[in-house]
Amino acid sequence: MTVMAATRPPHTPLDTLLRAGPVLEIDLDRIAANYRALRRRYAGRILSAVVKNNGYGLGIAALVETLTAEGCTHFWVLDLAEAAMVKQAAPQAEVFTLHGLQGESAATFAATDITPVLLSLDEVERCVAEARRTGRKLGVAVQLDTGLGRLGLDEADIRRLAARRNQLEALDVKAWVTHLAAFDLPDAESNRAQRECLRRWLRGLPAAPVSLASSAGLYMGPDWHFDIARVGSALYGVQTSTAWQDGLAVCYRLSAPILRINNAARGARIGYRGTTCLRRPSLIATAMIGYGNGLPQAFAAHGAARIGECQLPVVGGIAMNLTMLDATDAPTACVQVGERAVFLDERHTVDQLAARLGCAPNAVLTQIGAGTRRIYVRNGLPAEV
């Protein structure tokens with residue numbers, strides 16, 4: 001796959017390409033700039049990229065090609081299907097699947113040159129058996145559960161593994177991997193406890209690169225960086241910590257066209273089951289976007305759209321593909337059929353929305369990315385994929 005600046009007549013602006021409906025614009029230049037900013041901050045060896053869930057909903061292929069051009073060589077995905085997408089965009093990349101073998105044989109991973117992050121002693125033993133069968137070392141990473149309690153080897157497993165270190169000689173351990181349970185709380189004592197647990201366990205294991213830091217970890221200082229950092233959210237300008245992560249540019253812009261503008265009387269009820277009762281004569285603008293496009297229904301209570309500098313609150317709830325906006329206070333020239341209303345961008349971010357909704361920012365980003373048509377932008381112009 002190649003991402004390149006589109007060759008289009010000079011009279012065809014980006015807005016012309018956006019008229020069809022709701023669109024998530026993704027600025028590839030900003031993603032590249034974020035990677036460079038993170039690399040300057042990182043004191044370890046390998047700054048890798050997390051592109052799971054189809055690149056957080058932004059599209060694996062375009063992201064991998066953009067990041068590969070910046071020198072990124074290691075990527076983390078969920079499964080073999082996503083790993084194949086990375087390999088298609090960057091054949092020489094080192095690709096890790098975060099969910100282990102997932103019922104596949106160790107031979108499948110060996111044949112595709114994809115590295116599973118093993119989640120249990122059983123998976124370790126299956127890989128050892130495959131390596132001994134073929135007489136070739138098998139590349140793996142191993143998840144260590146230092147305190148998250150989710151996936152990976154616990155302390156008892158580590159003791160058993162350390163007692164059988166000769167088994168690991170059949171494997172090429174490319175990384176010992178763990179994840180902070182309180183990654184978004186940089187001063188949490190539990191983070192330090194996990195780091196010390198990791199260091200203690202590593203003393204009984206063969207030497208291999210260590211991966212602890214995710215996006216937030218890069219901002220916690222070099223003592224947290226180790227050998228391989230796994231950055232995802234920060235690449236896309238998403239804040240994942242209670243401490244502000246400076247130097248990151250928002251890469252997304254969610255917008256949709258206005259389909260209809262109508263006058264509604266005071267006391268009129270609009271939306272399903274009359275969700276909103278209008279308290280004054282109102283001008284209602286209906287935008288072509290809804291929960292079917294990934295816009296959370298709770299956006300109705302916590303968000304607003306913008307046309308130019310005009311803020312338009314949501315009224316009448318959010319339907320599958322339509323959202324009504326109160327344009328009563330907006331200048332007439334500001335709101336016209338065909339104009340695009342902006343729902344999320346650098347001024348109204350997924351971080352701010354997620355804080356109001358009480359959810360993780362990536363819950364918003366991945367949902368919108370999966371439900372909305374994507375257009376990539378490079379040098380201010382549409383990029384063809």
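## The surroundings of T286

T286 touches P257, I258, L259, R260, L322, T323 and M324, leaving aside residues up to four places away in sequence; a contact here means heavy atoms within 4.5 Å. This is a predicted model, where local features need pLDDT of at least 70, side-chain atom pairs count only at pLDDT 80 or more, and totals for chains, interfaces and linings use all residues. Residues are numbered from 1 along each chain as its sequence is written, and side-chain values use heavy atoms, with hydrogens and water left out.

You will find T286 in strand β14, residues 282-287. Strands (E, at least two residues) and helices (H or I, at least four) are DSSP runs numbered from the N terminus. Is T286 buried or exposed? T286 is buried, at a relative accessible area of 13%; buried means under 20%, exposed over 50%, and partly exposed in between, with a 1.4 Å probe and protein chains only.

## The nonpolar cores

A nonpolar core is a set of buried Ala, Val, Leu, Ile, Met, Phe, Trp, Tyr and Cys residues joined through side-chain atoms within 4.5 Å. The largest one has 113 residues, and L171, W176, Y236 and F343 have the most contacts inside it. Apart from that core lies another of 6 residues, among them I270, L278, I284 and M324.

## The whole chain

Stepping back, the protein chain has 13 helices and 20 strands. Its C-alpha trace spans about 80 × 50 × 40 Å along the principal axes. Of its 385 residues, 54% count as buried.
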